[in-house]
Amino acid sequence: MSRVLIVGAGLTGSLCACLLRRELQNKVQIVVWDKARGSGGRMSTSRPPNPSSHSADLGAQYITATPAYAQSHHSFYSELLSSGVLQPFHGLIEGLRQKDDSKNYMTPLGMCSVVKHFLSESGAELFFEHHVTGLYRRGASWEVQRKAGSSETFDAVVLTMPVPQILQLQGDVGQLLSVQQRQQLDGVVYSSRFAVALFFPPDTVFSFPWVARYVTDNPCVCYVAVDSRKRNTDAPGLGPSLVVHTSVPFGLEHLERDKEDIQPIILQELHKLLPDLPQPISIKCQKWRYSQVLTSVPDCPGQMTILDRPLLVCGGDAFSHSNFDGCVESALSVLSVLKASL
Ligand SMILES: Cc1cc2nc3c(=O)[nH]c(=O)nc-3n(C[C@H](O)[C@H](O)[C@H](O)COP(=O)(O)OP(=O)(O)OC[C@H]3O[C@@H](n4cnc5c(N)ncnc54)[C@H](O)[C@@H]3O)c2cc1C
C-alpha cells in the first residue's frame with residue numbers, strides 16, 4: 001500500500017486527502033501533517049478565550065461562486081450545501097463591488113468547518129504540531145524531517161503550504177527544482193495583513209445594520225464584519241464577535257512589527273469608524289504574512305511536480321488563485337498527478 005504525506009491541513013491539503021481517498025479508497029494510506037495546533041490554515045476560525053462569545057473567522061470570510069465555477073465545481077458546492085457546511089449569504093455587505101451573477105455563501109460553524117468536512121471525509125491520519133523542516137530522497141521514498149520528533153518515510157509527498165515556506169525547506173527540494181520552476185516560485189507574491197477579532201459579552205447590541213462592510217477611506221482598516229450576524233446564528237447566551245482586516249499597504253508597512261504593537265493602532269482606527277462600539281471582553285490579533293496570492297505561478301497550472309519518482313508535488317492557491325475555487329482547482333490537479341503516479 002502506498003503511503004502518501006500531505007503537508008498542510010488547510011483547504012488544499014484537506015481536499016487533496018478527500019479526493020485521493022474517494023479515488024483510491026483503501027489502496028493508499030493518507031497521512032496529513034500540519035505545524036499548527038488545529039486544521040484550517042488560512043480558513044481558520046478562532047474560539048474566544050472565554051466561551052460566552054461567538055467564534056470568529058480570522059482569515060477567509062465567505063465563499064463566492066462565480067457562475068462558471070458554480071457550474072464546474074457544482075459537486076463540491078452541492079456536497080457542502082447538503083451537509084449544512086455552507087449556506088447562502090443573505091446579510092448586507094456594505095461597499096461590496098460584485099458585478100456578475102456570483103453567489104456568496106457563509107459557513108454557520110465558521111470557515112474552518114469547510115476544511116474539517118473534507119478532512120473527516122478523507123479518513124486521513126491527522127497530526128498537528130508536525131512542522132516539516134526538510135525532505136531527503138532515499139531511493140524510491142522520501143524521508144521527511146520535522147522540527148520535533150523522528151523523521152518518517154513516504155512513497156509520495158504533497159506540499160500545500162505557501163510557496164516561501166516550501167522554498168525554506170532543507171534537503172533536496174532546492175536542488176531538484178529546474179531553473180524555470182525556481183523562477184516561477186520566486187515570482188509568487190502574497191499580500192500581508194493583520195486581522196483582529198473582538199469578542200463581546202452576551203446582550204451586546206450594535207447600532208449599525210450591516211453584516212460586513214468594506215472600508216475605502218481609512219489608511220488602516222479595509223473590512224469589518226460581525227461574525228455572528230454573518231453566520232445567522234444569534235445563539236442565546238453568546239455575545240457577538242467582530243472581525244477587522246487591515247488594508248494591504250498597512251499590512252506591508254508594518255509586516256516586521258509585533259502584532260502586540262499593531263493591535264492598539266488597529267483598535268484606534270476602528271473606534272474612529274465605529275465610535276459607539278461597546279467594550280469587548282477579549283481581543284485576538286493575527287498577522288497574516290502570507291495572506292492572499294497577488295501573483296500566482298504563470299498560467300495557474302494547479303500544481304508543480306518537482307520529482308516524478310518518488311513523487312514530490314506542490315499545490316495550493318499560489319498555483320491557481322486565492323479562494324475556495326482556486327484551492328479546488330489545485331487539489332484536482334494534484335489528484336491527477338497522484339493518480340498517475342500511484
Ligand atoms: C485575511 C484573509 C482573507 C481571505 N478571504 C477569503 C475569502 O473571503 N474567500 C475565500 O475564498 N478565500 C479567502 N482567502 C484566501 C483563502 O483563505 C486561501 O486561498 C486558502 O485558505 C488557502 O488554502 P491552502 O490550503 O492552499 O493554504 P493554507 O490555508 O495556507 O494551508 C497551508 C497549511 O500548511 C501549514 N504549514 C505551513 N508550513 C508548514 C510546515 N513546514 N510543516 C507543516 N505544516 C505547514 C500551515 O499551518 C497551513 O495550515 C483569505 C485569506 C486571508 C488570509
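This is a predicted model: local features need pLDDT of at least 70, side-chain atom pairs count only at pLDDT 80 or more; totals for chains, interfaces and linings use all residues.
Me: Hi! Let's start with the helices. At what angle do H1 and H4 pack?

Reply: Hi! Helix H1 covers residues 11-24 and helix H4 covers residues 112-122, and they pack at an angle of about 30°. Their axes are 8 Å apart.

Me: What do you call that arrangement of H1 and H4?

Reply: Angles under 35 degrees count as roughly parallel, so H1 and H4 are roughly parallel to each other. The crossing of H1 past H4 is left-handed.

Me: Which residues of H1 and H4 meet?

Reply: From H1 you have Leu-11, Ser-14, Leu-15, Ala-17, Cys-18, Arg-21 and Arg-22. Their partners in H4 are Val-114, Val-115, Phe-118, Leu-119, Glu-121 and Ser-122. Sorted by class, the residues in this contact of H1 with H4 are 8 nonpolar, 2 polar and 3 charged.

Me: And how do H1 and H11 pack, at what angle?

Reply: Helix H11 is residues 324-341, and H1 packs with H11 at about 45°, their axes being 8 Å apart. H1 and H11 are therefore oblique to each other. Their crossing is right-handed.

Me: Which residues make that contact?

Reply: On the H1 side they are Leu-11, Thr-12, Leu-15, Cys-16, Leu-19, Leu-20 and Glu-23. On the H11 side, the residues include Phe-324, Cys-327, Val-328, Leu-335 and Lys-339. The contact of H1 with H11 divides into 13 nonpolar, 2 polar and 2 charged residues.

Me: Where does H3 come in, and at what angle do H3 and H4 cross?

Reply: Helix H3 is residues 74-82, and the axes of H3 and H4 cross at roughly 100°, coming within 11 Å. Because of that angle, H3 is roughly perpendicular to H4. Phe-76, Glu-79 and Leu-80 of H3 make the contact with Val-114, His-117, Phe-118 and Glu-121 of H4. By class, this contact of H3 with H4 has 4 nonpolar, 1 polar and 2 charged residues.

Me: Changing topic: how many residues surround the ligand?

Reply: There are 33 residues around the ligand. The closest are Thr-12, Asp-34, Arg-42, Tyr-62 and Asp-317.

Me: Thr-12 was in your H1 list! How far is its polar side-chain atom from the ligand's oxygen atom?

Reply: Well spotted, Thr-12 is one of the H1 residues in the contact with H11. A polar side-chain atom of Thr-12 lies 2.7 Å from an oxygen atom of the ligand. For Asp-34, a polar side-chain atom lies 2.5 Å from a ligand oxygen atom.

Me: Which backbone atom lies 3.0 Å from an oxygen atom of the ligand?

Reply: That is a polar backbone atom of Phe-324. Phe-324 is also among the H11 residues in the contact with H1.

Me: Now the backbone. Where is there a cis peptide bond?

Reply: The cis peptide bond joins Arg-309 and Pro-310, with omega about -10°. Pro-310 sits in the loop between strand S22 (303-307) and strand S23 (311-315).

Me: What is the phi of Gln-25?

Reply: Gln-25 has a positive phi of about 50°, although it is not a glycine. You can find Gln-25 in the loop between H1 and strand S2 (28-33).

Me: And what about the phi of Asp-299?

Reply: Phi of Asp-299 is near 65°, again a positive value in a residue other than glycine. Asp-299 lies in the loop between strand S21 (293-295) and S22.

Methods
Residues are numbered from 1 along each chain as its sequence is written. Side-chain values use heavy atoms; hydrogens and water are left out. Axes are lines fitted to C-alpha atoms, for helices over the stretch in contact, and angles run from 0 to 180 degrees between N-to-C directions. Helices (H or I, at least four residues) and strands (E, at least two) are DSSP runs, numbered from the N terminus. Angles under 35 degrees count as roughly parallel, over 145 as roughly antiparallel, 65 to 115 as roughly perpendicular and the rest as oblique. A crossing is left-handed if the near helix is turned anticlockwise from the far one by less than a right angle, and right-handed if clockwise. Contact means heavy atoms within 4.5 Å. Ala, Val, Leu, Ile, Met, Phe, Trp, Tyr, Cys and Pro count as nonpolar, Asp, Glu, Lys and Arg as charged, and the others, Gly among them, as polar. A residue is near a molecule or strand if one of its heavy atoms lies within 4 Å of it. A polar contact is a pair of N or O atoms within 3.5 Å; within protein, one must be able to donate a hydrogen and the other to accept it, and residues adjacent in sequence count only if both atoms are side-chain atoms.
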